[in-house]
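User: I would like to go through this complex with you, starting with how the chains meet. Please keep the answers plain.

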Amino acid sequence: MDWGTFFDMGGRGFYVWGSYIVTAIVMIGELMLLRNRRRILERHEDE
Amino acid sequence: MNWLKYSAPQTFYPLADTLVPLFAWPAAILTLIGLYIGFFVAPTDATQGEVYRIIFIHVPAAWMSMVIYLAMAFWAALGLIMNTRLSFMMAQALAPTGAMFTFVALWTGAFWGKPTWGTWWAWDARMTSELILLFLYVGYMSLTAAIEDTRRADRAGALLAIVGSINIPIIYFSVKWWNTLHQGASVSLTKSPSMAKTMLLAMLIMTFAFWAYSIAASLMRLRCIVREREKQAQWLNEAKE
């Protein structure tokens, strides 16, 4: 398997990876925001 | 089984803590399987080449954007009818995840539209109604956040969510009712799908992954909302004393 051709996506790499990377960022970002929100809540409880 | 008892925060927290990983792990594993099939097993499309592989996130995200909205409107309606606070909280817990998937559907649609249609965006019925869906989510979130009295915020938000659900059949049937730039459904309940089996399989696995993700994320959020409100009530009580 040639990774160069894989990432090139038949010359459409920008569009394919532009879709996938942004999707990954917003989904993982949502989970991180949620973890943060919970952490803030728990920190206040310890006080 | 008495489900109502889970609406009490003391019983709800441990339940949420058990449920979240039960959905989060399948979400992660299904995503890996779906992407593997989508990129390494599914063949190159005869007409579109490789760029069609955006479908494995575009269609599941678009489905989730609609399903989550319907779930949100359902909980909102149940809250109004039964006057159960947890229902309103469930509606609120779903909204940001729904908005996120609506954004993903629009974004990946633009990145698919540019190389195949030559444009990032068109004001066609499917895309415009999906954009309206994003505004409905954002409107619901800002409305419930703007009203300080949670009771009133819940009710006002619920009303908006219910009225806005008219938009869902409009999105779904838009490609049938109007002559749109957006293509018709590749998968429908009545016809056999017009795609290769492995393509369809990857898309369905990604859909299950997004379902599991949505449930995990909204449960995490629901847990925070319950706790935040519980605290607010505590403060109010302490202030009164």
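User: How many residues of chain B are in contact with chain A?
Analyst: In this predicted model, 24 residues of chain B are in contact with 18 residues of chain A. Two residues are in contact if their C-beta atoms, placed from the backbone, lie within 7 Å.

User: Which elements of chain B give two or more residues to that side?
Analyst: They are α3 (85–117) and α7 (197–240) of chain B. The largest share, eleven residues, comes from α3(B). Helices (H or I, at least four residues) and strands (E, at least two) are DSSP runs, numbered from the N terminus.

User: And how does the side of chain B that touches chain A divide into nonpolar, polar and charged?
Analyst: It holds 15 nonpolar, three polar and six charged residues. Ala, Val, Leu, Ile, Met, Phe, Trp, Tyr, Cys and Pro count as nonpolar, Asp, Glu, Lys and Arg as charged, and the others, Gly among them, as polar.

User: Before going on, what are the numbering and the confidence rules?
Analyst: Residues are numbered from 1 along each chain as its sequence is written, while chains are lettered from A and ligands numbered from 1 in the order in which they are written. Because this is a predicted model, local features need pLDDT of at least 70 and side-chain atom pairs count only at pLDDT 80 or more, whereas totals for chains, interfaces and linings use all residues.

User: What are the scores?
Analyst: The model has ipTM 0.93 and pTM 0.92. Chain B averages a pLDDT of 91, and 92% of the residues score at least 70; pLDDT is the predictor's confidence in each residue, from 0 to 100.

User: Back to α3(B). What does it span from its first C-alpha to its last?
Analyst: α3(B) has 33 residues and reaches 47 Å, close to the 48 Å expected at 1.5 Å a residue. The expected span of a helix is 1.5 Å times one less than its number of residues.

User: Where is its kink?
Analyst: A kink of about 30° lies at B:A95, shortly before the proline B:P96. The bend at a residue is the angle between axes fitted to the seven residues ending there and the seven starting there.

User: Mostly covered or mostly open?
Analyst: Mostly covered, as 25 of the 33 residues of α3(B) are buried. A residue is buried if 20 or more other C-beta atoms lie within 10 Å of its own, exposed if 12 or fewer, and partly exposed in between, with C-beta atoms placed from the backbone. Just after this helix, B:G118 takes a positive phi of about 85°.

User: What does B:A91 touch?
Analyst: Not counting residues up to four places away in sequence, B:A91 touches B:M72, B:W75, B:A76, B:G79, B:G157, B:A158 and B:A161. B:A91 is also among the residues with the most contacts inside the largest nonpolar core, together with B:I54 and B:M72. That core has 66 residues. A nonpolar core is a set of buried Ala, Val, Leu, Ile, Met, Phe, Trp, Tyr and Cys residues joined through C-beta atoms within 7 Å.

User: Which elements give two or more residues to this core?
Analyst: They are α2 (13–46) of chain A together with α1 (9–41), α2 (55–82), α3, α4 (125–146), α5 (150–164) and α7 of chain B. α7(B) gives the most, with 17 residues.

User: Is B:V226 buried or exposed?
Analyst: B:V226, in helix α7 of chain B, counts as buried because 21 other C-beta atoms lie within 10 Å.

User: Which residues other than glycine have a positive phi?
Analyst: Among them are A:M9, at about 50°, and B:N83, near 60°. A:M9 is in the loop between α1 (3–8) and α2 of chain A and is buried, with 20 C-beta neighbours inside 10 Å. B:N83 is in the loop between α2 and α3 of chain B and is exposed, with 12 other C-beta atoms within 10 Å.

User: Finally, how many helices and strands are there in chain B?
Analyst: Chain B has seven helices and zero strands, and its C-alpha trace spans about 70 × 35 × 30 Å along its principal axes. Chain A has two helices and zero strands, with a trace of about 55 × 20 × 10 Å along its principal axes.
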